[in-house]
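Biologist: Can you walk me through this one? I'd like to start with the contacts.
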Amino acid sequence: MKAIEQTRQALPVAGLALAYRSDVQGFNTWLAGRPVKPETLRKYFAELEQTHRVSTLSRKKSALKKAIAQTRGGALTVAEQAQLTEVFKDIKTGQAESAVHEHEILTRAELSELTESAGAKTSALITALYETAARVSELLSLRLADCTARGESVQCEIRRGKGRKQRTAYMSKKTFETLKTLYAGKTYLIERNGKTLSRHTVATMIKRAGAMIGRPDIHPHTLRHTKASHLLTAGMSLPAVSAYCGHSDPAVTAKFYLHDKPTAEAVLSL
C-alpha cells in the first residue's frame, strides 16, 4: 500500500494535536528503524492489546492514521486515503463500553463543592458547561450574537456542535453575566486576549479544580454527563434530554445513561 509503504521510517509529529504526539513518538521508538508497513502496524497493535485498554488503543490508531496522512505534506491522493482507511479498519482493537458509569457522574454536593473550590473563572466555566450540557468545543465557539436573554435565563444557539447540527441550550442570566465580566469577550462569550480559550486550557483548569476536592478524574465532559444524568433523574423525558444534548437519536442517550448493571455489592453478597 503506497500511502504507508512510501512513508519514511519515523512518522512526523509536527502539526499533530498534543494528545497525539506522545502516541506517535512511542510508535517511532518501537519502530526502531523498520519501515512503516501494514504488517508492521498490525504487529504493533497486537502487542499493545496485551497491556492497553480499548479506549487507549483507539486513540493510538487515530494518532498514527493522522500522522501517516500528513506525510509528504499531507498530499495523499484520494485512492491513497481510501487505502489508508482500509488498512486501519482491518486493525481490530475491540469496542469500548459506551455506558457512563455512576462514578463518572457528579452528585449535586460534589458539583457544589467543585464550583466553590475553584477560582472564579474556572467556576464560571464549570457552571456554564453544566447548565448547557455543551461539549467544551461548543461552549468555546459560542458567540455573543448567539445568546439572547429571556428573563432570568439566556438562550444559546449552539451552531457548531457535533455533526454541525444547531440546537438550543440555556444558561442562567447570572452565569452569562459572570462570564461576560470575567472574560470580557468581544465576539465570543469566552475569550482571553482577543482569542478563544483552547480546549486543553479549559481541561487543565477543570482538572485542577477536581483535584482540589479529591476528584482528579474530572474533565469538561464530566459536566455534560452530569447534566444529562440529573435531567433524566429529575424526570425529563428521554427524547427531551436527547434533544438538549444534541444526540442524533434518543437511543444514543439511552445507551449512555440508561443501563441496569449489577453493583459489586450485589454480586458479592450472593
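Biologist: Take contacts between residues at least 6 apart in sequence. What share joins residues at least 24 apart?
Modeller: In the protein chain, 59% of those contacts do. Keep in mind that this is a predicted model.
Biologist: How many helices and strands are there?
Modeller: The protein chain has 14 helices and five strands.
Biologist: And how much of the chain counts as buried?
Modeller: Of its 270 residues, 40% do.
Biologist: Which residues have the most contacts inside the largest nonpolar core?
Modeller: Leu125, Leu139, Met171, Leu179 and Ile190. That core has 42 residues.
Biologist: Which helix gives the most to it?
Modeller: Helix 7, residues 120-132, with six residues.
Biologist: What does Leu139 touch, leaving out residues up to four places away in sequence?
Modeller: Leu139 touches Leu125, Ala128, Leu129, Ala134, Met171 and Ile190. There is also a second, separate core of 20 residues. Val24, Phe27, Leu57 and Ile68 are among them.
Biologist: Over how many bridges do strand 1 and strand 2 pair?
Modeller: Four, with strand 2 covering residues 153-158. Thr148 stands opposite Gln155 in strand 2.

Conventions. Residues are numbered from 1 along each chain as its sequence is written. This is a predicted model: local features need pLDDT of at least 70, side-chain atom pairs count only at pLDDT 80 or more; totals for chains, interfaces and linings use all residues. Side-chain values use heavy atoms; hydrogens and water are left out. A nonpolar core is a set of buried Ala, Val, Leu, Ile, Met, Phe, Trp, Tyr and Cys residues joined through side-chain atoms within 4.5 Å. Buried means under 20% relative accessible area, exposed over 50%, partly exposed in between (1.4 Å probe, protein chains only). Helices (H or I, at least four residues) and strands (E, at least two) are DSSP runs, numbered from the N terminus. Contact means heavy atoms within 4.5 Å. Two strands pair if DSSP finds at least two bridges between them.
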